[in-house]
Amino acid sequence: MTHRSRKPYIAGNWKMNLDRSRSLDLIKTVKGRLGDGGDREVAFFVPAIYLADVTAVAQGSPLGVGGQNLWYEANGAFTGELAPRMLREVGADRVLIGHSERRHVFHEPDEWMGRKVRAALDADLLPIYCIGETLDERKAGKTERVCKRQLESGCEKIRTEDAHRLTIAYEPVWAIGTGETATIDQVGQVHRTIRKWLVQRLGEDAANLVRILYGGSVKPDNAKDLMAVDNVDGLLVGGASLQAETFLPIIEFDR
Ligand code: PEP
């Protein structure tokens with residue numbers, strides 16, 4: 001199976017940026033440009049407080065809208081957290097799990113990841129499970145070990161039949177928001193490692209259904225080259241997803 005047999009997936013992560021009116025303007029602009037969007041999947045991961053408004057504006061378009069995090073219980077004494085069903089209730093159809101900022105700023109441990117990914121799938125949310133090494137880990141030659149450890153934890157409750165709903169994002173921590181993109185060789189090598197790990201874990205047929213995105217300072221001028229790398233099935237975009245002028249050329253990387 002060649003990597004282009006998987007539908008390209010371009011995702012924007014707004015993090016804690018934009019405000020309500022700029023969010024809705026951006027959704028309107030992208031929606032207008034997407035048309036039926038049949039040949040690629042495009043989604044925004046938005047601040048939870050704007051989800052209901054954003055999904056209302058996105059309605060009638062193929063745009064996906066997701067939360068940036070969840071907690072894996074259905075309810076209870078978890079102040080400040082959001083249950084998967086709550087994201088569904090306000091219209092989200094997907095969610096980010098294990099984003100680098102959750103791991104490194106808010107110290108979310110590996111041990112939570114498998115339950116979070118499982119809870120998302122069980123609530124009918126499409127997870128993008130994020131992994132990636134820090135600069136120190138890369139310099140110490142631990143990139144592969146770290147990524148495999150993160151895959152083990154996040155995929156511990158994954159079954160073969162979940163594969164088509166699962167997306168992995170490889171985001172080297174040192175490339176996120178820094179302007180420094182991983183080289184084509186570095187991206188190719190890690191994505192190949194991830195695919196091999198998935199094949200061992202899920203078998204070839206199921207593993208080939210999982211999309212693997214690259215994230216880390218993706219811009220209009222590097223999107224095409226990154227998308228040409230084997231096993232790069234899409235892009236997770238932070239800063240450049242905040243404006244139509246930079247996000248639209250990334251969505252249209254092949255035009
Ligand atoms: C991200 O938020 O996942 C990300 C990759 O950010 P940026 O594109 O700004 O590096």
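Is Cys 147 buried or exposed? Cys 147 is buried, at a relative accessible area of 3%; buried here means under 20%, exposed over 50% and partly exposed in between, with a 1.4 Å probe and protein chains only.

## What you're looking at

This is a predicted model, where local features need pLDDT of at least 70, side-chain atom pairs count only at pLDDT 80 or more, and totals for chains, interfaces and linings use all residues. Residues are numbered from 1 along each chain as its sequence is written, and side-chain values use heavy atoms, with hydrogens and water left out.

## The cysteines

A disulfide is a covalent bond between the sulfur atoms of two cysteines. Counting one takes a pair of cysteine sulfur atoms within 2.5 Å, and this structure holds zero.

Cys 155 is in no disulfide either, with the nearest cysteine sulfur, that of Cys 130, 12 Å away. Cys 155 counts as buried because its relative accessibility is 2%.

## Around the ligand

The ligand is surrounded by 14 residues, each with a heavy atom within 4 Å of it. Among the closest are Lys 15, Glu 171 and Ser 217. By class, the shell has four nonpolar, eight polar and two charged residues. Here Ala, Val, Leu, Ile, Met, Phe, Trp, Tyr, Cys and Pro count as nonpolar, Asp, Glu, Lys and Arg as charged, and the others, Gly among them, as polar.

Now for some polar contacts, meaning pairs of N or O atoms within 3.5 Å (within protein, one must be able to donate a hydrogen and the other to accept it, and residues adjacent in sequence count only if both atoms are side-chain atoms). A side-chain N or O atom of His 99 sits 2.8 Å from a ligand oxygen, and a polar side-chain atom of Asn 13 lies 3.1 Å from a ligand oxygen. On its own the ligand has 300 Å² of accessible area, and the protein covers 97% of that (Shrake-Rupley method, 1.4 Å probe).

His 191 belongs to helix 8, residues 184-202. Helices (H or I, at least four residues) and strands (E, at least two) are DSSP runs, numbered from the N terminus. His 191 counts as buried because its relative accessibility is 0%. The side chain of His 191 reaches the backbone oxygen of Asn 231 at 2.9 Å.

Gly 12 is in strand 1, residues 9-13. C-alpha to C-alpha, Gly 12 and Cys 147 are 22 Å apart in space, and 135 residues apart in sequence.
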